[in-house]
Amino acid sequence: MNYKVEGTIRRNKKNFIIFIVLWLILAIVLVMPISFSIVNSTIDGVFKFDRFIGGIANSFTNIGTSIGKTFTPNYIGTYFSTLLKFSVLYAIFVLVGLIKTAPKHEFADIEHGSSDWSKNGEQYRVLSDKKGIILAQNNYLPVNKRGNVNVLVVGRFRFW
């Protein structure tokens, strides 16, 4: 299970910054006008949906006014409660996205044909780390071993 957490963090290092910046932008551009409209559409403790829709359109067109008034005492409580609800919803979406990018198995990002699959020198039971036919960096197929030492090379041979 630990490989899933480590793999998810490794794959999404750059995305964490994007998640935070997107949350900040949405908290300012989306949540502030919505909370401003919620307060303006509540008359005598009763929420009026038609006023909310009209107020939200007005808040988005005059976003500077709604942002400025959001931090006054009448609006600040509603803003923070709306921001909390938005943050929980946003965190759920981010968590679902991170879960979908988690590796499916322990060897998901390891290149096929590399020696990264082995740990603590396991590959040297079969291979040599000193001399022989070069297979990978620090991995050689010893030619003095018993059995088949044929090697099939797939790919191109390039030299400059």
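Q: Let's begin with secondary structure: how many helices and strands are there in the protein?
A: This is a predicted model, and in it the protein has 5 helices and 4 strands. Reading from the N terminus, the order of elements is α-α-β-β-α-α-α-β-β.

Q: What share of the residues counts as buried?
A: Buried here means a relative accessible area under 20%. Of the 160 residues of the protein, 23% fall in that class. As for the surface, the protein exposes about 12,300 Å², and carbon and sulfur atoms supply 64% of that area.

Q: And how do I read contacts between residues that are apart in the sequence?
A: Take the contacts with a separation of 6 or more: 52% of them in the protein join residues 24 or more positions apart.

Q: Now the helix packing. At what angle do helix H2 and helix H4 pack?
A: Angles of 65 to 115 degrees count as roughly perpendicular. Helix H2 (residues 13-41) and helix H4 (residues 63-70) pack at about 70°, with their axes 9 Å apart. H2 and H4 are therefore roughly perpendicular to each other.

Q: Which residues make that contact?
A: On the H2 side you will find Ile-28, Val-29, Met-32, Pro-33, Ser-35 and Phe-36. H4 brings Ile-63, Ser-66, Ile-67, Lys-69 and Thr-70. Sorted by class, the contact of H2 with H4 has 7 nonpolar, 3 polar and 1 charged residues.

Q: Next, aromatic rings: how many aromatic pairs are there?
A: Two rings pair if their centres lie within 6.5 Å, and by this rule the count comes to 7 aromatic pairs.

Q: Why is the pair of Phe-16 and Phe-19 called edge-to-face?
A: Look at the planes: over 60 degrees apart counts as edge-to-face. The planes of Phe-16 and Phe-19 are at 75°, with ring centres 6.3 Å apart, so this pair is edge-to-face. Because Phe-16 and Phe-19 are 3 residues apart in helix H2, about one helical turn separates them. Phe-16 is partly exposed at 30% relative accessible area, and Phe-19 is partly exposed too, at 23%.

Q: How are the rings of Phe-47 and Phe-52 arranged?
A: Their centres are 5.5 Å apart and their planes are at 50°, so that pair is tilted. Phe-47 is partly exposed, with a relative accessible area of 41%, whereas Phe-52 is buried at 13%.

Q: Which residues do ring pairs link into a cluster?
A: Phe-47, Phe-49 and Phe-52 are linked in this way.

Definitions and conventions
Residues are numbered from 1 along each chain as its sequence is written. This is a predicted model: local features need pLDDT of at least 70, side-chain atom pairs count only at pLDDT 80 or more; totals for chains, interfaces and linings use all residues. Side-chain values use heavy atoms; hydrogens and water are left out. Helices (H or I, at least four residues) and strands (E, at least two) are DSSP runs, numbered from the N terminus. Buried means under 20% relative accessible area, exposed over 50%, partly exposed in between (1.4 Å probe, protein chains only). Contact means heavy atoms within 4.5 Å. Accessible areas come from the Shrake-Rupley method with a 1.4 Å probe; for residues, only the protein chains shown count as cover. Axes are lines fitted to C-alpha atoms, for helices over the stretch in contact, and angles run from 0 to 180 degrees between N-to-C directions. Angles under 35 degrees count as roughly parallel, over 145 as roughly antiparallel, 65 to 115 as roughly perpendicular and the rest as oblique. Ala, Val, Leu, Ile, Met, Phe, Trp, Tyr, Cys and Pro count as nonpolar, Asp, Glu, Lys and Arg as charged, and the others, Gly among them, as polar. Rings of Phe, Tyr and Trp (its six-membered ring) pair if their centres lie within 6.5 Å; planes under 30 degrees apart count as stacked, over 60 as edge-to-face and the rest as tilted.
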